[in-house]
Amino acid sequence: MDNSKRYYVTTPIYYVNDVPHIGHAYTTLACDVLARFKRLDGFDVKFLTGTDEHGQKVEKSANDKGVDPQTFTDTVSQNFRDLLGVMNFSADDFIRTTEERHKISVQALWKRLIDAGEIYLGSYSGWYAVRDEAFYGEGELTSDKDGNKIAPSGAPVEWVEEPSYFFKLSAWQEKLLKFYDDNPDFIAPKSRRNEVTSFVSGGLNDLSVSRTTFKWGVPVPGDDAHIMYVWLDALTNYITAVGFPETETGEYATYWPADLHMVGKDILRFHAVYWPAFLMAAGLEPPKRVFAHGWWTNEGQKISKSLGNVIDPIELVSTYGLDQVRYFLLREVPFGNDGDFSRTAMVGRMNGELANDLGNLAQRVLSMVNKNCGGAVPKHGEFNADDNAMLSDAHSMIDGVGKHIDNQAFHEALEVIWLVIRASNAYVDAQAPWKLKKEDPARMETVLYVLAETVRHIAIMLQPFMPGSMGKMLDQLAVSHEHRSFGFLGPNHALVSGTALPAPEGVFPRFVEEEKGA
RNA sequence: GGCUGGGUAGCUCAGCUGGUUAGAGCGCGGCACUCAUAAUGCCGAGGUCGGCAGUUCAAGUCUGCCUCCAGCUACCA
C-alpha cells in the first residue's frame, strides 16, 4: 500500500471543563489548514479533534452542578463541536473519551502494557492537586494566606496515599533519548526539542497511572477499584480514532503513525515523553512529529480567567469576519512563538493585506475584465518577458508554500504568497492596462489574462487558509469546483479564453471603525 | 543555581558555513498613476546590529566576560 500520500493530523482533545477560547481555535485552525492543504495536494487525510471528558475535575464539576458526569460532558462537549462550524474546521472525526470505542481501546492498550511487564502495582503517596491532575513534590509547594499548601500553579493540594499502578517510565530514558536522536524532527520547534531532551536527560521517575479516589474514567481491566490516569486515557484517543486495537487492517494500518500531533506548549511533555514511551512499551509505533505552538496575549496582557480578558473566537469572527480571523492568527506570528492579539494589529492586517493587497488586486483585475473584455476570460497573444516572469511567479508559488507548510511555518507560507500578490500589483501598474485600452487593446487583453491567471493561482493556494473567501474568488473566475486542487495549478489547466465570468464583487471589505458616541 | 533560546531601523522581525554602501513588512515623508475597496506603484527616511575585550587582512555573523528578557529545570534543609 502506498502510504506516502496519506496524512494524519490531530489536535489535542480539549478538556471539557474549559469553555472554548482563542487557544483552542488556534490549535485546531493550524490543523485545519494542514488538513486542507494536504487534501488539495492529493493526500488521503484524516483530521482528528475531540474532547477529553474523564477525570476527577470533571466529576467534581458535574457534582457541583447536580448532574451526572455523562449528562454534564454531553453538554459541554457540544461547545467544542459547535466551534468547528463557527471556524469552518474540516475535521474528519470528533472523538469523545466517553465513547465505547475509546474505552475498548484504552483497556486494550493497558493489557498490552501489562503483558509487556511495563506496569506494576505499587502504592503512591504525595501531594495531589485535583485542579492540575498532577502530583507535586514537597519542595514545590508554597503556602497561601491561610497556611494551606498550594501547588506552583496556585491550585490547592491534598495529601493522598493510595495503591496505584505504575508505568516503568524510568526504564525508558535511554530509549527515548535515542528516539529523539534518531528522529531530529520529532519535536518542533527546535527550542522545545532542547527542553524535552534536557528534561529526559535529567532522569525519569515511574509514572503513577491509576487512581482509586474517583470513579469517572476508564476502569483498569481486572481491577475495578482503579481508574486509569487521565493522561494515559486521553493520549490513547489518537489511536482509538484509527480503530485501535485493530492494528493489522483498517484505518490504523492506513494512518498510524500520525504525521503530526499539534499541541500547546503546556502539554508538550505528555506528548513528547509519556506518549511515545507508552506506545513503544506497548510495541506500537510513536507518532512522527509533535509541534508545540505558543500562546496569545490580549493587547499585550496575559490572558486569564481572573483578568476577564479571555478571547472568545465566536465574538472575533462576528466582529472581523471568519477568514479575516483565520488569516490573522496564522499571519501575525511566526508559528511556534507567542503572539499578541490587538485590535490595531487585527484591523491592520485585514485592511492592509486582505482588503488592499489581495481584495483590491482581484477587484481591479476582474473589474477591468468585466468592463473591457466582454465579461469573459480575455484572449491572450504571445507572452513577453514581463508576462512570463509574472506567470512563473504564480506557477512556482506551490514549491515554497509546500515546503513551509511541511514545517508548520504558516507565516512563511503566507509570505511566499504575498510576495506574488505584491508583484501582481506592481505588474498591473507597470503594464497599465487602462492605457493599453486605447493604445493596444489586444495587449491589454493579454495583460489582463496574465493577471486573471495569477489571481487563479493565488486563490487556489490560499484556499486552506481562507476556504470561504477563496471559494468566492474562484467562483468569480468561473473555476469549477473540480478544478481547484493543486493538480490544476500551472499552465496546463490555465483559464480558457472566452469563458463567461460573473460580475465581480469585493471579497474582503475594509474594516471601518464605528463611530463612538451618541 | 543549571540548561536552552534571544537582545538588529519608531514597531514586529529576516539576516546559512565571517567578506563591497546591514534587509523586509508596518508606521512616517515625498512623488507617480487613476483600472480598483481613497486602493496601487516608485523613491526616501541613515539603526555605534545589548555592553566590554579578543581572534582575524576582514565580525550582527567566531571566542571570553558582563548585562537584560523568555522558556525549561533544580534547590530552598
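1. At what angle do the axes of H12 and H13 cross? In this predicted model, the two axes come within 10 Å and cross at roughly 105°. Because angles of 65 to 115 degrees count as roughly perpendicular, H12 and H13 are described as roughly perpendicular to each other.

2. The residues that make this contact can be listed from both sides: Gln 324, Val 325, Tyr 327, Phe 328 and Arg 331 belong to H12, and they meet Ala 345, Met 346, Arg 349, Met 350, Glu 353 and Leu 354 of H13. Sorted by class, the contact of H12 with H13 has 7 nonpolar, 1 polar and 3 charged residues.

3. Helix H18, which runs over residues 467–476, is mostly covered, with 7 of its 10 residues buried. The buried positions are Pro 467, Ser 469, Met 470, Gly 471, Met 473, Leu 474 and Gln 476. What covers them includes H12 (322–331) and H13 (343–372), together with H1 (22–40) and H17 (441–462). Just after H18, Ala 478 takes a positive phi of about 55°.

4. Helix H3 covers residues 69–87, and at 1.5 Å a residue its 19 residues should span 27 Å; the end C-alpha atoms are 28 Å apart, which agrees. Buried residues in H3 are Pro 69, Phe 72, Thr 73, Val 76, Ser 77, Phe 80, Leu 83, Leu 84 and Met 87. An α-helix has 3.6 residues a turn, so residues three or four places apart point the same way. Asn 88, which follows H3, has a positive phi, near 60°.

Definitions and conventions. Residues are numbered from 1 along each chain as its sequence is written. Chains are lettered from A and ligands numbered from 1 in the order in which they are written. This is a predicted model: local features need pLDDT of at least 70, side-chain atom pairs count only at pLDDT 80 or more; totals for chains, interfaces and linings use all residues. Side-chain values use heavy atoms; hydrogens and water are left out. Buried means under 20% relative accessible area, exposed over 50%, partly exposed in between (1.4 Å probe, protein chains only). Helices (H or I, at least four residues) and strands (E, at least two) are DSSP runs, numbered from the N terminus. Contact means heavy atoms within 4.5 Å. Axes are lines fitted to C-alpha atoms, for helices over the stretch in contact, and angles run from 0 to 180 degrees between N-to-C directions. Angles under 35 degrees count as roughly parallel, over 145 as roughly antiparallel, 65 to 115 as roughly perpendicular and the rest as oblique. Ala, Val, Leu, Ile, Met, Phe, Trp, Tyr, Cys and Pro count as nonpolar, Asp, Glu, Lys and Arg as charged, and the others, Gly among them, as polar. The expected span of a helix is 1.5 Å times one less than its number of residues.
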